[in-house]
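Hi,

Here is the structure I promised to pass along. Have a look first, and my notes follow below.

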Amino acid sequence: MNVEVQFVRAMVGYALARAHNQRARARRGESELGASALEWAIISAILVAAAIAIGAVVKGVIDKRTGEIQKG
């Protein structure tokens with residue numbers, strides 16, 4: 001069997017098992033959806049801040065090189 005097919009099957013199996021586990025926990029009243037949403041919000045904020053910082057650095061380098069090219 002192809003390695004990619006095995007990987008996809010493993011990922012689908014994991015996703016189904018996780019969904020089943022989450023559903024069982026929700027039925028028992030042990031849902032962590034609020035904590036999970038907060039974690040995703042924090043991770044998203046960190047990624048956005050990192051992207052902005054990288055963009056600022058790249059813009060600075062481009063502006064510097066543009067100035068050097070214009071000066072000759």
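Val8 sits in helix H1 (residues 3–27), where helices (H or I, at least four residues) and strands (E, at least two) are DSSP runs numbered from the N terminus. With a relative accessible area of 47%, Val8 is partly exposed; buried means under 20% relative accessible area, exposed over 50%, and partly exposed in between (1.4 Å probe, protein chains only). Together with Phe7, Met11, Val12 and Leu16, Val8 makes up a nonpolar surface patch of about 490 Å² accessible area. Patches take residues with over 30% relative accessible area and no salt bridge, joining like charges within 9 Å and nonpolar side chains (Val, Leu, Ile, Met, Phe, Trp, Tyr) within 5 Å. The areas come from the Shrake-Rupley method with a 1.4 Å probe, and for residues only the protein chains shown count as cover.

A word on the source: this is a predicted model, so local features need pLDDT of at least 70 and side-chain atom pairs count only at pLDDT 80 or more, while totals for chains, interfaces and linings use all residues. Residues are numbered from 1 along each chain as its sequence is written, and side-chain values use heavy atoms, with hydrogens and water left out.

On to the charged pairs: there are two salt bridges, each a side-chain nitrogen of Lys or Arg within 4 Å of a carboxyl oxygen of Asp or Glu.

- Asp63 pairs with Lys59, with 2.9 Å between the closest N and O atoms. Both belong to helix H2 (residues 33–71), four residues apart, or about one turn. Asp63 is partly exposed at 40% relative accessibility.
- Glu68 pairs with Arg65 at 3.2 Å, N to O. They are three residues apart in helix H2, again about one helical turn. Glu68 is partly exposed at 38%, and so is Arg65 at 48%.

For the chain as a whole, the secondary structure is two helices and zero strands. Of its 72 residues, 0% count as buried. Its accessible surface is about 6400 Å², with 67% belonging to carbon and sulfur atoms.

Best wishes
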